[in-house]
Amino acid sequence: MDELLHILLVEDLPADAELARREVLKTLNSCTFACVETREDYLAALKSSPPDLIISDYRMPRFDGLTALRLALEHAPLTPVIILTGAMNEDTAVECMKAGATDYVIKEHIKRLGHAVLHALEEKKLRRERRAAKAENERLQQQLLQSQKIESLGRLAGGVAHDFNNMLTVILGNVDLIKRELSADHPLLMRLGEIEKAAVQSRALTRQLLAFSRKEVIEPRTIDLNELISATRNTIARLAGEDIGLTFRPWEDLWHIRADPSQVDRVLVNLALNSRDAMPGGGNILIETANVFLDDDFCRDHPGTTGGEYVLLSVSDDGAGMEREALDHLFEPFFTTKEVGKGTGLGLATVYGIVRQNRGLLDVESEPGRGTRVKVYMPKEEGEAELQGKEEERPFAPPRSHRILLVEDNEMVRTMVATMLEALGHSVVIADTPFAALALCEEGKTGIDLLLTDVVMPGMSGKELRDRVATLMPGVKVLFMSGYTADIVIARGGLEEHVRFIQKPFSPEILAGKITETMEGE
């Protein structure tokens with residue numbers, strides 16, 4: 001062996017120590033020796049520089065091998081211990097091995113010491129490998145548990161957002177209808193405006209929850225990340241403030257990615273604002289892009305990751321940094337290291353949801369006093385970047401009157417939507433369950449032009465209802481609605497993509513536009 005090994009001899013007889021040293025040198029090419037004979041010197045040697053191997057006499061006047069063994073297990077648990085015994089005694093050997101000795105050698109058979117040393121060093125190597133494997137397994141298990149925790153929080157957030165959107169539909173709908181009935185100078189208009197403002201802000205929070213739970217409606221396209229960052233750079237700089245320096249280092253010939261541009265903008269803004277808040281006295285934000293290949297080692301350290309070609313977006317700051325405990329909870333909704341009232345704790349949770357929804361992954365590096373670097377990896381997308389055009393604005397025009405079958409299991413939402421439809425001039429037939437709706441259709445009394453139905457309902461989904469109504473009334477138009485978003489209703493409701501869909505909460509104007517779009521569409 002070429003590695004320089006440090007061997008600690010615990011022996012009170014110089015002649016026996018020299019004999020042991022010579023036998024070891026017959027097997028090992030390069031090693032150094034230290035010899036002690038008291039407990040105090042032994043402990044000092046263990047604490048100053050743990051040896052690679054300990055060879056201890058079993059019995060000495062002021063010390064003994066079993067005590068040396070116990071102290072080694074306490075202060076240098078990976079260091080193997082070989083016990084030297086003065087006479088053959090099976091009970092002694094068993095006692096030593098039970099106590100944790102790697103081997104024992106009888107002094108009369110000292111020539112076996114070389115073999116025992118090689119065995120002990122091999123055992124030490126195996127111990128290290130087992131400990132490293134255990135630590136790696138514990139680390140991966142912790143990552144898996146954290147991932148499962150965030151996934152569970154995501155499902156909870158999606159459910160909360162669904163119920164919250166139902167309530168906001170009622171609140172905003174009633175506010176809109178009341179405002180229509182009041183004169184422009186009515187004193188209650190100001191109070192209604194405050195209610196509306198609070199509800200709209202609540203809708204924005206709900207949107208963040210939906211982004212975290214990866215249930216937000218997205219419109220992905222092939223984009224050039226460098227161009228998008230360049231277009232957003234001035235906005236980020238204004239939000240960061242004059243005391244924050246902003247630098248962008250684009251990678252030449254950057255690969256394209258497929259994502260929703262508006263969501264990528266939100267990721268950039270949230271990360272930049274988080275960096276700004278970490279530097280209250282000013283500092284620097286660095287945005288970088290790069291083409292990277294994620295290999296097997298990276299995937300092993302990031303469970304659930306698929307290797308291959310990715311585009312890296314990195315946002316770094318030289319702010320306060322974070323402790324390990326904060327990093328472990330960084331992407332959980334409502335977790336924040338800021339003071340009360342300084343943040344909702346949804347910014348980074350939103351980033352997490354957006355990145356995962358667009359098939360990407362996140363990695364964060366941070367240490368107290370050394371800043372933070374957030375790395376976003378997005379899969380490479382082949383093809384040319386798509387230009388993001390603005391939708392043509394269409395002036396609102398009241399739709400033609402239609403007979404609409406409304407199916408909604410939530411009583412308050414059902415009443416509110418029916419009121420909206422009637423205010424828009426439609427004739428409304430109401431059903432509180434899919435089965436009640438089918439009964440009306442089977443009776444042939446509805447003569448409906450449009451089926452407006454919730455998607456996720458007890459007993460029967462909106463898709464099942466649509467399919468059964470279609471057999472009774474071929475050609476009837478269908479508009480789905482839900483407090484969930486298009487992504488989750490497609491998954492849970494079994495809907496096809498590109499169905500006509502409106503997300504709660506919605507205003508009478510939005511509902512009118514969707515009805516017109518549905519009735520005029522193919």
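This briefing describes the fold, the confidence and some selected residues of one protein chain.

The model is predicted, and its protein chain averages a pLDDT of 80, with 81% of the residues scoring at least 70. The chain holds 16 helices and 17 strands, and 46% of its 522 residues count as buried.

**Confidence along the chain**

- Over residues 340–345 the pLDDT is below 50, and beyond near neighbours in sequence this stretch has 10 contacts in the model.
- Residues 389–398 also have a pLDDT that stays under 50, and for this stretch the model has 3 contacts beyond four places in sequence.
- Where pLDDT is low, the predicted coordinates should not be read in detail.

**Overall surface and contacts**

- The accessible surface of the protein chain comes to about 27,400 Å², and carbon and sulfur atoms account for 51% of this area.
- Among the contacts between residues at least 6 apart in sequence, 73% join residues that are at least 24 apart.

**The parallel sheet and its surroundings**

- Five strands form an open sheet in the order S2-S1-S3-S4-S5, and their pairing is parallel.
- Strand S2 (31–36) and strand S5 (103–106) stand at the edges of this sheet, and because each has a single partner strand, one side of each is left without a neighbour in the sheet.
- Neighbouring strands of the sheet are turned against each other by 20° on average, direction ignored.
- Strand S1 (residues 5–10) runs parallel to S2 and is joined to it by 6 bridges, and in this pairing Leu 8 stands opposite Ala 34 in S2.
- Helix H2 (residues 39–48) lies across S1, S2 and strand S3 (53–57), and runs at about 165° to S1.
- Ser 56 lies in strand S3 and is buried, with a relative accessible area of 0%.
- Leaving aside neighbours within four places in sequence, the residues in contact with Ser 56 are Val 10, Gly 65, Ala 68, Ile 82, Ile 83 and Leu 84.

**An aromatic pair**

- The structure holds 2 aromatic pairs; in one of them, the rings of Phe 298 and Tyr 377 have their centres 5.2 Å apart and their planes at 65°, so this pair is edge-to-face.
- Phe 298 lies in helix H9 (residues 296–301) and Tyr 377 in strand S12 (residues 372–381), so the pair ties together parts that are 79 residues apart in sequence.
- Both partners, Phe 298 and Tyr 377, are buried.

**Selected helix residues**

- Ala 17 lies in helix H1 (residues 14–27) and counts as buried, because a relative accessibility of 10% is under the 20% cut-off.
- Not counting residues up to four places away in sequence, Ala 17 touches Leu 9, Glu 11 and Cys 35.
- The C-alpha atoms of Ala 17 and Asp 57 are separated by 9.2 Å, while the two residues are 40 residues apart along the chain.
- Leu 126 is found in helix H5 (residues 113–181) and is partly exposed, with a relative accessible area of 33%.
- From C-alpha to C-alpha, Leu 126 and Leu 78 are 9.8 Å apart in space, and in sequence they are 48 residues apart.
- Lys 463 is found in helix H14 (residues 462–472) and counts as partly exposed at 22% relative accessibility.
- Lys 463 and Thr 453 are 10 residues apart along the chain, and their C-alpha atoms are separated by 9.2 Å.

**Backbone details in loops**

- Most residues other than glycine have a negative phi, and most peptide bonds are trans.
- Lys 504 and Pro 505 are joined by a cis peptide bond, with omega about -5°, and Pro 505 lies in the loop between strand S17 (501–503) and helix H16 (508–520).
- Asp 253 has a positive phi of about 55° although it is not a glycine, and this residue is found in the loop between strand S7 (244–249) and strand S8 (256–259).
- Asp 253 counts as exposed, because its relative accessibility of 66% is over the 50% cut-off.

Technical notes. Residues numbered from 1 in each chain as written. Predicted model: local features only at pLDDT ≥ 70, side-chain atom pairs only at ≥ 80, totals over all residues. Heavy atoms only, no water. pLDDT = per-residue confidence, 0-100. Contact = heavy atoms within 4.5 Å. Helix = DSSP H or I, 4+ residues; strand = E, 2+ residues; numbered from the N terminus. Buried < 20%, exposed > 50% of the residue type's maximum accessible area, 1.4 Å probe, protein only. Areas by Shrake-Rupley, 256 points an atom, 1.4 Å probe, with all protein chains shown as cover. Pairing = 2+ DSSP bridges. Axes fitted to C-alpha atoms, helices over the stretch in contact; angles between N-to-C directions. Phe/Tyr/Trp six-rings, centres within 6.5 Å; stacked < 30°, edge-to-face > 60°.
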